[in-house]
Amino acid sequence: MISTTTALIEGQPVKQYLGIVTGEVIVGANLFRDLFASIRDIVGGRSGAYEDVLADARRQAIAEMEAEAAKLGGNAVIGVDLDYEVLGSNGSMLMVTCSGTAVVV
């Protein structure tokens with residue numbers, strides 16, 4: 001399945017528009033990961049643990065969106081938009097959402 005942020009897929013005209021599809025993933029923060037990320041914030045540098053969680057959540061949200069497109073009979077998703085949000089009273093949850101238009105190319 002092709003998923004792209006663009007409105008077109010070069011060389012592959014859209015034959016049919018099937019509708020909007022979405023994917024949502026909410027992940028909780030881990031106590032130990034938070035502890036090490038806090039230490040990393042103090043000493044500087046990137047937080048590999050959080051980057052891994054973010055990348056996994058993004059992949060899962062895109063996979064969910066693509067599965068919804070496939071159920072509609074699509075073989076591509078165009079105009080994909082990714083959004084990230086922190087949830088919970090103390091920011092302990094991360095939400096990744098994506099949406100796009102399922103199409104047949």
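Here are some numbered notes on this predicted model, working from the overall layout to single residues.

1. Ground rules. Residue numbers start from 1 along each chain as its sequence is written, and side-chain values use heavy atoms, without hydrogens or water. As this is a predicted model, local features need pLDDT of at least 70 and side-chain atom pairs count only at pLDDT 80 or more, while totals for chains, interfaces and linings use all residues.

2. Layout. The protein has two helices and four strands, and from the N terminus on they follow the order β-β-α-α-β-β. Both kinds of element are DSSP runs numbered from the N terminus: helices are H or I with at least four residues, strands are E with at least two.

3. The sheet. The four strands make an open sheet of mixed pairing, ordered β1-β3-β4-β2. Here β1 and β2 are the edge strands with a single partner each, so one side of each has no neighbour in the sheet. Two strands pair if DSSP finds at least two bridges between them. For β2 and β4 there are twelve bridges, in the antiparallel sense; one of the partners to look up is T101 in β4, which is bridged to I20.

4. Burial and surface. Of the 105 residues in the protein, 28% are buried; buried means under 20% relative accessible area, exposed over 50%, and partly exposed in between, with a 1.4 Å probe and protein chains only. The accessible surface is about 6600 Å², and carbon and sulfur atoms hold 56% of that. These areas come from the Shrake-Rupley method with a 1.4 Å probe, and for residues only the protein chains shown count as cover.

5. The main core. The largest nonpolar core has 14 residues, and V21, V27, M65 and V77 touch the most other members. At least two residues each come from β2 (16–28), α2 (48–71), β3 (76–87) and β4 (93–104), with α2 giving the most, five residues. A nonpolar core is a set of buried Ala, Val, Leu, Ile, Met, Phe, Trp, Tyr and Cys residues joined through side-chain atoms within 4.5 Å. A second, separate core of five residues includes A76, I78, V103 and V105.

6. V27 and A57. Contact means heavy atoms within 4.5 Å. Beyond four places in sequence, V27 is in contact with V53, A57, S92, M93 and L94.

7. T4. This residue is in the loop between β1 (2–3) and β2, and at 17% relative accessibility T4 counts as buried. Leaving out neighbours within four places in sequence, T4 contacts I9, V77, I78, G79 and V80.

8. Salt bridge. The count is one salt bridge, where the rule asks for a side-chain nitrogen of Lys or Arg within 4 Å of a carboxyl oxygen of Asp or Glu. The pair is D56 and R59, at 2.6 Å from N to O. Both residues sit in helix α2, three residues apart, about one turn of the helix. D56 is partly exposed, at 37% relative accessibility.

9. Sequence range. Among contacts with a separation of 6 or more, 76% join residues 24 or more positions apart.
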